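The stops below can be selected in order.

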Amino acid sequence: MPIKYRISEDDCIGCEACIAVCPYEAITGPPFVVNAALCDGCGVCAEECGTGAISSYDTGSENESFGSGPTMGIGITLKNGG
Ligand code: SF4
Ligand code: SF4
């Protein structure tokens, strides 16, 4: 279950510290966001962020996974009504 990190816009003060430390250049901004496709889940950004705006989440429990990797017991509903 891959761990990714994300930025809470409300807590972010735009100091750019996370951008400076991310080894994968996964963070861009403003507005400051983590590109989940590039994020390795190393957590360096969260340690560096002084406001606690960056937190981890498990992509296995979110709808943000792009279907790569093994998934078991997870129901996926595709809505192609558009
Ligand atoms: S967890 Fe690591 S790879 Fe992901 S955005 Fe933060 S510093 Fe970059
Ligand atoms: S380190 Fe934290 S407060 Fe600074 S830009 Fe990144 S998310 Fe925002």
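Helices here are DSSP runs of H or I with at least four residues, and strands are runs of E with at least two, both numbered from the N terminus. The model is predicted. On that definition the chain has 2 helices and 4 strands, and their order from the N terminus is β-α-β-β-α-β.

**Whole chain**

Colour by burial to begin. The chain has 82 residues, of which 18% count as buried. Among contacts with a separation of 6 or more, 63% are between residues 24 or more positions apart.

**Ligand 1**

Select ligand 1 and the residues around it. There are 13 of them, and Tyr 5, Cys 22, Cys 39, Cys 42 and Cys 45 come nearest. By class this shell has 10 nonpolar, 2 polar and 1 charged residues.

Stay on Cys 42, which sits in the loop between strand 3 (33-34) and helix 2. Is Cys 42 buried, exposed or partly exposed? Cys 42 counts as partly exposed because it has 15 C-beta neighbours inside 10 Å; the class runs between the limits of 12 or fewer for exposed and 20 or more for buried.

**Ligand 2**

Move to ligand 2. The shell here has 14 residues, with Cys 12, Cys 15, Ala 17, Cys 18 and Cys 49 closest. It divides into 10 nonpolar, 2 polar and 2 charged residues.

Next select Gly 50, in the loop between helix 2 (44-48) and strand 4 (54-58). Beyond four places in sequence, Gly 50 touches Cys 15 and Ala 17, two of the residues listed as closest to ligand 2. Gly 50 counts as exposed because 10 C-beta neighbours lie inside 10 Å. Asp 11 is 39 residues away along the chain, and its C-alpha is 9.7 Å from that of Gly 50.

Ala 53 lies in that loop as well, between helix 2 and strand 4. Its burial class is buried, because it has 20 C-beta neighbours inside 10 Å. Leaving out neighbours within four places in sequence, Ala 53 is in contact with Ile 7, Ser 8, Asp 11 and Cys 12.

**Nonpolar core**

Hide the ligands and show side chains. In soluble globular proteins, nonpolar side chains tend to be buried together. The largest nonpolar core in this model has 14 residues. Ile 7, Cys 18, Ile 27, Val 34, Cys 45 and Ile 54 have the most contacts inside it.

Centre on Ile 27. Which residues is Ile 27 in contact with, leaving aside its neighbours within four places in sequence? They are Cys 18, Ile 19, Cys 22, Phe 32, Val 34 and Cys 45.

**Helix 1**

Select Val 21 in helix 1. Across the sequence, Val 21 is in contact with Val 44, Cys 45 and Glu 48, neighbours within four places being left aside. Val 21 is partly exposed because 15 other C-beta atoms lie within 10 Å. The C-alpha atoms of Val 21 and Ala 46 are separated by 9.9 Å, and the two residues are 25 apart along the chain.

**Backbone geometry**

The last stops concern torsions. Most residues other than glycine have a negative phi, and most peptide bonds are trans.

- Glu 16, in the loop between strand 1 (3-7) and helix 1 (17-21), has a positive phi near 70°. With 13 other C-beta atoms within 10 Å, Glu 16 is partly exposed.
- Glu 25, in the loop between helix 1 and strand 2, has a positive phi of about 50°. With 9 C-beta neighbours inside 10 Å, Glu 25 counts as exposed.
- Pro 30, in the loop between strand 2 (27-28) and strand 3, is joined to Gly 29 by a cis peptide bond with omega about 0°.
- Pro 31, also placed between strand 2 and strand 3, is joined to Pro 30 by a cis peptide bond with omega about -5°.

Note on methods: Residues numbered from 1 in each chain as written. Chains lettered and ligands numbered in written order. Predicted model: local features only at pLDDT ≥ 70, side-chain atom pairs only at ≥ 80, totals over all residues. Near = placed C-beta within 6 Å. Nonpolar A, V, L, I, M, F, W, Y, C, P; charged D, E, K, R; others polar. Contact = placed C-beta atoms within 7 Å. Core = buried A, V, L, I, M, F, W, Y, C linked by C-beta atoms within 7 Å.
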